[in-house]
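Biologist: I've got a model open on my screen and would like to talk it through. Could you take my questions one by one?

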Amino acid sequence: MWDVVVVGLGGVGSFALRSLARRKRDILQTKNSHKSLNILGLERFSIGHTHGSSHGKSRIYRHAYFEHEHYVPLLLYSSNEFRLLEQQHESKKRNIIMQCGTLVVDSVKKLGSKTNKEKIVGKDSIRHDASKEQHHHQHQGLVAACHRSANQHNIPVQYMTSLELRKRYPQFIFKDDDIGLLEPGGGFVRPELAVRAALDDAMEGGAKVKENVCVTSIEEVVEGADDNRDSCDNDGGHVILHVEDGDDIMAKKVIVSGGAWMGKLIPEWSSHLHVTRQIQAWIDVGNDASYESYEMPTWIRSSWSDSSSDNDEVAIYGIPADPLSNEPSWIKVAIHGRNDIVDDVDEAIPRPLVTNGEMKELQLAAQDFLRPVADTTRTRKKQHSWLSSSPYPFIEAQSCLYTNSPDGHFIVGQPQMYKRVYGAAGLSGHGFKMTPALGKVLSDLALDGTTSLPIDFLSPKRFGI
C-alpha cells in the first residue's frame with residue numbers, strides 16, 4: 001500500500017509530488033527510515049501532454065493580483081519555488097522563470113466618473129467582499145485591484161498614463177482613456193519545463209511515477225470495513241483507486257489534481273465545475289527587437305468587448321518573444337475567459353484544431369491593441385486577401401482548457417465526503433503561476449492535516465462540498 005498517491009501530474013500534481021518527496025527526504029535525514037514515505041504519481045496520459053491546462057510554452061506570473069489580494073502569499077511562495085527549482089536544474093539548462101515585468105491595462109472610460117488618478121489607484125479604490133464573484137474587479141478596474149494588492153503586500157508597481165504608455169511601449173495601441181500598472185517583478189514561466197523539472201526532482205527524492213494510467217473512480221474504505229489493519233491507515237481506513245485496464249491501487253491518502261477531469265474523479269464537485277475551451281496563438285515578429293523580453297513585458301488588457309454580449313468580461317493577454325525557446329521570434333497572444341463550454345473532456349483526444357472562427361475571434365480581440373495584429377489586418381484588407389488559405393497573422397495556435405468554479409476562485413481542500421482525499425480544482429485559468437504553493441498545500445494536508453499557507457478563502461466548504 002502506498003502512503004500517498006497523487007492522481008494527475010500537470011502543474012499542481014507535479015509540485016505536490018515534489019513536495020511529498022521533499023518531506024520523504026527530510027524523514028530519511030532524521031534517520032527514521034522506518035517511517036519513510038512510499039509515494040506514487042499517476043498520469044492519465046503522458047507527461048507534458050496538451051489535452052489539459054499545463055501546456056502552452058509560457059504562462060504569465062505576477063504578484064499585484066487583481067483577482068484577490070489573499071492570493072499574494074501563494075504567488076510569492078510559488079515564484080520563489082520556481083527560482084529554486086531552476087537553480088537545482090541549472091546543470092540541465094532548464095530556465096523555468098523569466099522576469100520581464102507585467103503590464104495591466106484598463107480604461108478609465110469603463111470606470112465611469114473616476115478619472116482622477118488618486119481615485120483610480122488610491123488605497124480606498126476597492127472595497128473587496130470575498131463573498132462576491134471574481135468579476136467584481138471588472139466593476140472597479142483591474143488597475144485599482146492590482147494597486148490594492150500591491151499596497152497590502154509591498155509589491156513595487158508603477159502607475160502609467162496613456163501618454164506614458166505610448167512613449168514606453170510602441171508595441172501596443174493605447175487609447176486616450178487607457179491607464180496602466182507595471183509590475184517590474186512579473187514575467188513568465190515555462191510550464192512544460194516546470195512540470196518536467198518538478199517531476200524529476202520528485203523522482204530523485206524517491207517518488208515513483210506511472211504514465212498512461214486512467215483512474216476511473218475513487219473509493220474510500222471507512223473504519224472497520226477491512227480486517228487487514230496492517231495494510232491500512234491507523235484506524236483501518238484506506239482509499240482504493242479503481243484503474244481502467246489495470247489492477248486497483250490502494251493508498252492511505254490520495255491527492256487529486258486532475259484538472260478538467262476533476263468532476264469525474266470527485267463527482268460531488270462536478271456541479272460546481274465547468275470546463276471551457278480557450279485559444280492561444282503565436283505571431284512571428286521576425287527580427288524586431290522591440291518584442292523581445294527585455295523591451296516588452298507580459299501584458300493583460302481588460303475587457304475588449306464594448307457590447308453587452310456573453311464575452312463582455314473577456315480579456316486578452318500576451319507574452320513577449322522568448323529568447324530561449326525554439327521559436328525566439330514568436331510572441332504569444334490569447335483570450336482569457338471564453339465561454340465555450342466543453343461538455344465531455346474525453347470526447348475528443350487529441351483536442352480539435354483551432355478553427356477559422358476561433359482564429360477570427362482572437363484577431364478581432366487583439367487588432368485594436370496589439371500592433372502586429374493591427375498591421376497585418378490593415379495590410380490584408382488592402383490586399384483583399386481574406387479568402388486566402390491563411391488570412392490571420394498567427395503562425396501557430398493551440399487550445400487549452402479552463403476548469404472554472406462558480407466564483408472564479410480555486411477550490412482547495414478536503415471534499416466533504418472523504419477523510420483521506422484532498423483536491424485542488426476550479427483554477428479558472430489563473431492557477432499555473434501558483435502550482436508550487438498548491439502542491440505544497442495538498443502535501444501538507446495529506447501528511448499533517450493542516451498547512452501554513454493561507455487557503456481558508458479557497459475552502460470547498462464555501463460551496464457546501
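This is a predicted model: local features need pLDDT of at least 70, side-chain atom pairs count only at pLDDT 80 or more; totals for chains, interfaces and linings use all residues.

Biologist: Then is Asn154 buried or exposed?

Modeller: Asn154 sits in the loop between α5 (142–153) and β6 (158–160). Its relative accessible area is 69%, and the cut-off for exposed is over 50%. So Asn154 is exposed.

Biologist: What is the phi of Asn154 near?

Modeller: Most residues other than glycine have a negative phi. Asn154 is a residue other than glycine with a positive value, near 55 degrees.

Biologist: And which loop holds Asp245?

Modeller: Asp245 also has a positive phi, near 55 degrees. At 78% relative accessibility it counts as exposed, because the cut-off is over 50%. Asp245 is in the loop between β11 and β12 (249–256).

Biologist: Is Gly237 buried or exposed?

Modeller: Gly237 belongs to the loop between β10 (215–221) and β11 (238–243). From Gly237 to Ala251 is 14 residues in sequence and 9.5 Å in space, C-alpha to C-alpha. The relative accessibility of Gly237 is 0%, so Gly237 counts as buried.

Biologist: Which residues does Leu181 contact, leaving aside its neighbours within four places in sequence?

Modeller: Leu181 is part of strand β7 (residues 178–183), and at 3% relative accessible area it is buried. Val143 lies 38 residues away along the chain, yet the two C-alpha atoms are separated by 5.9 Å. With those neighbours set aside, the contacts of Leu181 are Thr102, Leu103, Val104, Val143, Cys146, His147, Val157, Gln158 and Tyr159.

Biologist: How far apart are the end C-alpha atoms of helix α1?

Modeller: Helix α1 covers residues 11–29, and at 1.5 Å a residue its 19 residues should span 27 Å. Its buried residues include Phe15, Leu17, Arg18, Leu20 and Lys24.

Biologist: Which residues are buried in α2?

Modeller: Helix α2 has 17 residues (residues 72–88), and at 1.5 Å a residue they should span 24 Å. Its end C-alpha atoms are 24 Å apart, which agrees. The buried residues of α2 are Val72, Leu74, Leu75, Ser78, Ser79, Glu81, Phe82, Leu85 and Glu86.

Biologist: What is the volume of the largest cavity?

Modeller: The structure has four cavities of 30 Å³ or more. Lining the largest cavity are Lys57, Ser58, Trp282, Ile319, Pro320, Ala321, Asp322, Ser325, Glu327, Trp330 and Lys332. By class, that lining has five nonpolar, two polar and four charged residues. The volume of the largest cavity is about 100 Å³.

Biologist: Zooming out, what percentage of the residues of the protein chain count as buried?

Modeller: The secondary structure of the protein chain comes to eleven helices and 19 strands. Among contacts with a separation of 6 or more, 74% join residues 24 or more positions apart. The chain exposes about 20200 Å², with carbon and sulfur atoms supplying 46% of that area. Of its 465 residues, the share that counts as buried is 57%.

Key
Residues are numbered from 1 along each chain as its sequence is written. Side-chain values use heavy atoms; hydrogens and water are left out. Helices (H or I, at least four residues) and strands (E, at least two) are DSSP runs, numbered from the N terminus. The expected span of a helix is 1.5 Å times one less than its number of residues. Buried means under 20% relative accessible area, exposed over 50%, partly exposed in between (1.4 Å probe, protein chains only). Contact means heavy atoms within 4.5 Å. Accessible areas come from the Shrake-Rupley method with a 1.4 Å probe; for residues, only the protein chains shown count as cover. On a 1 Å grid over the protein atoms alone, a cavity is a set of points where a 1.4 Å probe fits but cannot get out, and a pocket is an open set with protein on both sides within 12 Å along at least five of seven lines; lining residues have an atom within 4 Å of a point. Grid points are joined across faces, edges and corners, and a volume is the space filled by probe spheres set on the points. Ala, Val, Leu, Ile, Met, Phe, Trp, Tyr, Cys and Pro count as nonpolar, Asp, Glu, Lys and Arg as charged, and the others, Gly among them, as polar.
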